[in-house]
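These are my notebook entries on a few places that I looked up. The sequence and the structure come first.

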Amino acid sequence: MALLLGFLLLLELCSDTSALGPLSSTKGADVLEFELPATNYETKHSYKAGPIGVLFKMVHVFLRVVQPNAFPEDILRKILQKKFDFSTEYEKPENVVLTLKIIYYEIGIIICAVLGLLFVFLMPLVGFCFGLCRYCNKCGGEMHQRQKKNGTFLRKYFTVSLLVVCIFISVGIIYGFVANHHLRTQIEKTRELANSNFKDLRTLLNGTPEQINYVLSQYATTKKKAFSDLDNIKSLLGGGIHEQLRPKVMPVLDDINAMAEAIKETKEALLNVNNTLKELKKSTAQLNTSLSDVKMNVEQSLSDPMCSVPPVATTCNSIQMSLSQLDDNTNLDQLPSLDQQIDNINDVLQTDLSSLVQQGYKSFNDIPEMVQNQTTDIISDIKSTLNSLGSDIENIGDQIPIQDKLSNFMGYINDTETYVHRNLPTLEEYDSFRWLGGLVVCSLLTLMVVFYYLGLMCGMCGYNRNASPTRRGCVSNTGGIFLMVGVGVSFLFCWVLMAIVVLTFVIGGNMEKLVCEPYKNRKLFQILDTPYLLNENWKYYLSGMVFNNPDINLTFEQVYSDCKENKGIYTTLKLENSYNISEHLNFQEHAGNIDNDFKNLNVSIDNIVLLDEAGRRNLMDFSSSGVDTIDYNVYLAEMGKAPTKVNLLSFANDLEAKADHLPQGSLKQSLKSNAQTIRTIHRGQVIPLEQSMSTIYQSIKELQHKSSGLGVKVVNILSSLDSAQDFLKTRISSVIIEESKKYGNTIVGYFERYLQWVKFSITEQIAGCKPVATALDSAVDVFLCSYVIDPLNLFWFGIGKATIFLLPAIIFAVKLAKYYRRMDSEDVYDDMENGNIGFHRHHSTQTV
């Protein structure tokens, strides 16, 4: 009933829903994202039994041992095809064969059931015969115990055996109590489980229209993004064209701009060198004058009469000979002037090359603005096309027949929920009776095993090995009576317990093997999917129910599997056979119109001049200005020399040292004064001259570097300029077409991705039917199998185990009772070593 209810629920949803879906996330380029709000459901996807699950698995193993045969698919198909009718023509060969196959499949359960029935019928008879036999002082009814040599061993053996058997019985009773309580607990959870499933189904039905509206409303986001890009065509399309041309154009303009700066820097360098050179010539002339004056003063001092007197004459001659070194070391007057080159550079600078380059920059950077100005009308046409597409998208929500269908299905859900809630109290009431009955059954078994435990306890505690059978204590005798009471109660009720075990075993075992196991491995769905099974005129029953077309390959297994994966109803039920969403979301026509609009873009960019003729002549004039023909090595050679032939400080020190060897007088003082003058010349004229010459040396080196290969550089720049200008003339149209296509694909791509997301959401995710599969699982796998069948099977397994072990318990209890009860007579043995054996027998009619 639960399985049928679940399938009816699924079929109703299938036939009443067209296309729905929950969540999805699709990310497009340029941060265009679509995402549906998540839908949360209450019902858990799987059920876990907890620690008791180990016991359930143990019962499953037992059932696989009892019933090892594979699921009888062929048998069930034939039974369903015969519509469960075995009353007519039962003796036909095919019916006999079918019956034999059923018996073969059920042979394990049949054998166990027959053995159980034999137990049910034989145990009362055996108990009756056993009672009569005991009444006739047979079967141990005679209250006389014969002494045996192995009596102690037998008593211990029977005690241990009965104890072990009682433990096994106790385990079975515990299984019964646990199963009985677990079943009651789970039945109490049924209402919560049903409410959770119905709430999830309502969440599915109520959320589906909102999700469809949300998906369709996202067109506004897409259109807003597209319109933003259309309004931003200046930076997107114009900027794209600009970026495509930049690698070819910008390096040329940058080189020309750098050359314009180089011209200005060259002029400044030439002026600096030329002016500094003039200053150096003046400074050199002053240095020559100062050195000549010093030389003249020294010579006048050396004309002193003392210089003719040895040994002063030697010192004076030495000084006289060194005066030839006191002279200028440079020849700056021979260096040519740079006035001609400066004049040439001034003529070049008459044309403002930097201004011409900036015009080229502006002409090239105006491309985005030109694109925007020339595409205004086409952008308006594209916006109109996209607005018309928006009208088509808005109509899709009305074209999909969902709203009316959902209202009907909601009524079905309400009716089903009312039916379930109306019958749940009855189920709970019946379960109370069942629980009470299970409690009675377990209590009866508990009573039996308690008698055995009491008998063992009293017997073992009260047994005195030194007491004769006729003189056993009250406690020991009570233990024996408890054992016999347990035997009597066992005979009285064990057959009733076994009848309950057989009934629940046949029901629970078959439900587990024929419903629960095939449902979990989905073989049950494969049976239902057999062509022409449920309706001899329909190949596929489900498609016949949904589409009234039984030839569409729509199966229960496929629908259940898709719902387990939370796929949308549209894909799950193949609803494209009744409403093809692809035909209503055909964007090709609109995309073709937009593509044509972009192909018709007539952007004209043919008046870009990177550098005019004046600029070209200016570069040529600079290359012929003669800056690169200056003999820089001559200048560098002169600037690299020392200003004087000798180091003036060394010369002054040497002069002063020689003067110190002279005697006191005017000659000595005059030479020392001249030495000091030489030091002053060095500090005041030579050192500044050296610094100026070093600075101009570096300036000439930089000027030489800048002017090196000037003609080649200009030729290369002009060649690159011609190449870039030619590229603009010949390739700009193809660049415009390429970028226009890329720009158009971006705009069209927004809507293509949006419509793909819409199609994907409707076909794959909207109305994800996981709650339907969950409801079916809750009805069959959770409620029927986990809540009911598993505890039921554990119940009969435990009770059956305990009941079966009552047989050896009865035997061992009867045997053991003889060793605990007080006898009416006994065998008496004298001292066996003397060989005197006496026998005394008392007769008694007492029996139990």
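I looked up Asn-793 and found that it counts as buried, at 1% relative accessibility; buried means under 20% relative accessible area, exposed over 50%, and partly exposed in between, with a 1.4 Å probe and protein chains only. The model is predicted, so local features need pLDDT of at least 70 and side-chain atom pairs count only at pLDDT 80 or more, while totals for chains, interfaces and linings use all residues. Residues are numbered from 1 along each chain as its sequence is written, and side-chain values use heavy atoms, with hydrogens and water left out.

I placed Asn-793 in helix 27 (residues 770-804); helices are DSSP runs of H or I with at least four residues, numbered from the N terminus. I then listed its contacts (heavy atoms within 4.5 Å). Leaving aside neighbours within four places in sequence, Asn-793 is in contact with Val-59, Leu-63, Gly-508, Gly-509 and Glu-512.

Next I turned to Lys-513, which lies in helix 15 (residues 474-520). Lys-513 is buried, with a relative accessible area of 6%. Not counting residues up to four places away in sequence, Lys-513 touches Arg-64, Gln-67, Phe-71, Tyr-105 and Pro-518. A polar atom of the Lys-513 side chain lies 3.3 Å from the backbone oxygen of Gln-67.

Last, I examined helix 28 (residues 806-820), which has 15 residues. From first C-alpha to last, helix 28 reaches 20 Å, close to the 21 Å expected; the expected span is 1.5 Å times one less than the number of residues. I noted that 11 of the 15 residues of helix 28 are buried, among them Leu-806, Phe-812 and Lys-818.

Technical notes
Helix = DSSP H or I, 4+ residues; strand = E, 2+ residues; numbered from the N terminus. Polar contact = N/O pair within 3.5 Å; in protein donor to acceptor, adjacent residues only side chain to side chain.
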